[in-house]
Amino acid sequence: MRIVIMKELCHNENSMTVFFDLDRTLMNFEIGEDMGIKAVFENYRDELKMPYDEFRSTWKVVAQKIFDEYSAGLHTFDEQRHLRVKKMFELNGTLLDDNGIEERFKVYWSNYEKGVGLFPDALGILENLKKHNIPTGLISNGDTSNQRWKLNKEKLTDYFDPIIISGEVGVSKPDLRIFEIALEKAGANKETSWYVGDSPVHDIEPALKFGMNVIYLNRKLDANELICHKEKPTYIEVGSLDKAWNYLETIFS
């Protein structure tokens, strides 16, 4: 049973390093994803049997499954990009050759790029941590070029040291080794480090298992809600990054 308690009771450390996940935590790629899916549907609707709502929801399920397979080392990054297109059209009765897959993926990607951006509450927490000289790092699953492109697009690179991307270090969340690599490069220890992420499977469970303090960003909650799940390592759940900052501020203030 989850119990809401006063945030001051959850943790009492005075020093910290804060690591962030990127996608769905700081970066909102779902607007871009929706724009890409819509463009593919509109350009190739004659080849599709599904209505748009079904096509969109199925695409997201297929894309996540294939990305998880990529994270597990079953596909290269480019393979997983194209597999989602191949699978979606197969589900609609159309078999595509490599040129057809590439053509449709380019339609998706050119529209996806236009919509990717920061969540409104992302820059605030990074700026506040920077102003208070709190070290921050990034731990992200994904391909080097794609994740670096997102960071550069939103001018985030200078906020993080280290930047740990699975495509660069050869290990992906939920493997605990990626957290170990991040802490080693940061010169931090897990007892006073924090990890902020949105995925129970890829972020929260492994970070807790590794022994880091965790902030689970659950945007389904009210933006001002905070839930304390356990004390050691500290595990809290918040509805926004603004609330995450409010909590972290109490630790060193």
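Start by selecting helix α4 (residues 98-115) and helix α6 (residues 144-153) in this predicted model; helices here are DSSP runs of H or I, at least four residues, strands are runs of E, at least two, and both are numbered from the N terminus. The two helices pack at about 35°, axes 11 Å apart, with axes fitted to C-alpha atoms over the stretch in contact and angles running from 0 to 180 degrees between N-to-C directions. Now show W109, Y112 and E113 of α4 plus N146, W149, K150 and K153 of α6, which make the contact (heavy atoms within 4.5 Å).

A housekeeping note: residues are numbered from 1 along each chain as its sequence is written, and side-chain values use heavy atoms, leaving out hydrogens and water. Local features need pLDDT of at least 70 and side-chain atom pairs 80 or more, while totals for chains, interfaces and linings use all residues.

Next, jump to N213 in strand β7 (residues 213-217). N213 counts as buried because its relative accessibility is 3% (buried means under 20% relative accessible area, with a 1.4 Å probe and protein chains only). Pick a polar atom of the N213 side chain: the backbone nitrogen of T234 is 2.9 Å away.

Then select helix α10 (residues 241-252). Its buried residues are L241, K243, A244, W245, Y247, L248 and I251.

Finally, zoom out: the protein has 10 helices and 9 strands, and its C-alpha trace spans about 60 × 35 × 30 Å along the principal axes. Buried residues make up 53% of the 253.

Methods: Buried means under 20% relative accessible area, exposed over 50%, partly exposed in between (1.4 Å probe, protein chains only). A polar contact is a pair of N or O atoms within 3.5 Å; within protein, one must be able to donate a hydrogen and the other to accept it, and residues adjacent in sequence count only if both atoms are side-chain atoms. The expected span of a helix is 1.5 Å times one less than its number of residues.
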